[in-house]
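The tour below goes from one selection to the next.

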Amino acid sequence: MSVAHLPLRPLWLCRACAAPWPCAPARLALTREYAEDRVALLIYLGGMLHDAAGQLHTLHPDDGPEPGQLFRRFLGWAIPRRIHGTACRPVPDDPR
């Protein structure tokens, strides 16, 4: 029996492979699950980002992930690279 690639809270690691969640298999599964509704995927991931930011900050108040890193991890991969024929700009790293 295989374990689903779900988040282990409050660590936000994958229960199956211990990679930072969403891991590659989780991203693939989410892409398939939400294939017909990209907006719903982004809303779901935004909620997960919100939860993760609070929980990771509680665990690591001084050395946790930066906001830009969390954005790329949770939402950046799911945002289409092109919208109406124009390239989207990547989110810049936080210079702090």
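Which residues does Arg38 touch, not counting residues up to four places away in sequence? Select Arg38 and show its surroundings: Ala78 and Ile79 are the residues it touches under that condition. The model on screen is a predicted one. Arg38 is found in helix 2, which covers residues 38–59. Its relative accessibility is 37%, so Arg38 counts as partly exposed.

**The whole chain**

Clear the selection and colour by secondary structure. The protein has 3 helices and 4 strands, and along the sequence they follow the pattern β-β-α-α-α-β-β. There are 96 residues in the protein, and 24% of them are buried. Among contacts with a separation of 6 or more, 46% are between residues 24 or more positions apart.

**Helix 2**

Select residues 38–59, the range of helix 2. The helix has 22 residues and reaches 31 Å from its first C-alpha to its last, close to the 32 Å expected at 1.5 Å a residue. Next, show the side chains of Leu41, Leu45, Met48, Leu49, Ala52 and Leu56, the buried residues of helix 2. These residues lie on the same side of helix 2, because they cover an arc of only 120° around the axis. What covers them includes strand 1 (7–8), helix 1 and helix 3.

Turn the view to the face of helix 2 that points away from its buried side. The exposed residues Val39, Ile43, His50 and Thr58 are carried there.

Pick Leu45 and display its contacts. Leaving out residues up to four places away in sequence, Leu45 touches Leu30, Phe74, Leu75, Trp77 and Ala78.

**Aromatic pairs**

How many aromatic pairs are there? The count comes to 4. Start with Trp21 and Phe74: their ring centres are 6.1 Å apart and their planes are at 55°, so the pair is tilted. Trp21 lies in the loop between strand 2 (13–14) and helix 1, and Phe74 in helix 3, so the pair ties together parts that are 53 residues apart in sequence. Both Trp21 and Phe74 are buried.

Move on to Tyr34 and Tyr44. Their ring centres are 5.9 Å apart and their planes are at 25°, so this pair is stacked. Tyr34 sits in the loop between helix 1 and helix 2, while Tyr44 is in helix 2, 10 residues apart.

Is each of these two tyrosines buried or partly exposed? Tyr34 has a relative accessible area of 18% and is buried, whereas Tyr44, at 30% relative accessibility, counts as partly exposed.

For the last stop, select Trp12 together with Trp21 and Phe74. Ring pairs link these three residues into a cluster.

Note on methods: Residues are numbered from 1 along each chain as its sequence is written. This is a predicted model: local features need pLDDT of at least 70, side-chain atom pairs count only at pLDDT 80 or more; totals for chains, interfaces and linings use all residues. Side-chain values use heavy atoms; hydrogens and water are left out. Helices (H or I, at least four residues) and strands (E, at least two) are DSSP runs, numbered from the N terminus. Buried means under 20% relative accessible area, exposed over 50%, partly exposed in between (1.4 Å probe, protein chains only). Contact means heavy atoms within 4.5 Å. The expected span of a helix is 1.5 Å times one less than its number of residues. The arc is that of the directions from the helix axis to the C-beta atoms. Rings of Phe, Tyr and Trp (its six-membered ring) pair if their centres lie within 6.5 Å; planes under 30 degrees apart count as stacked, over 60 as edge-to-face and the rest as tilted.
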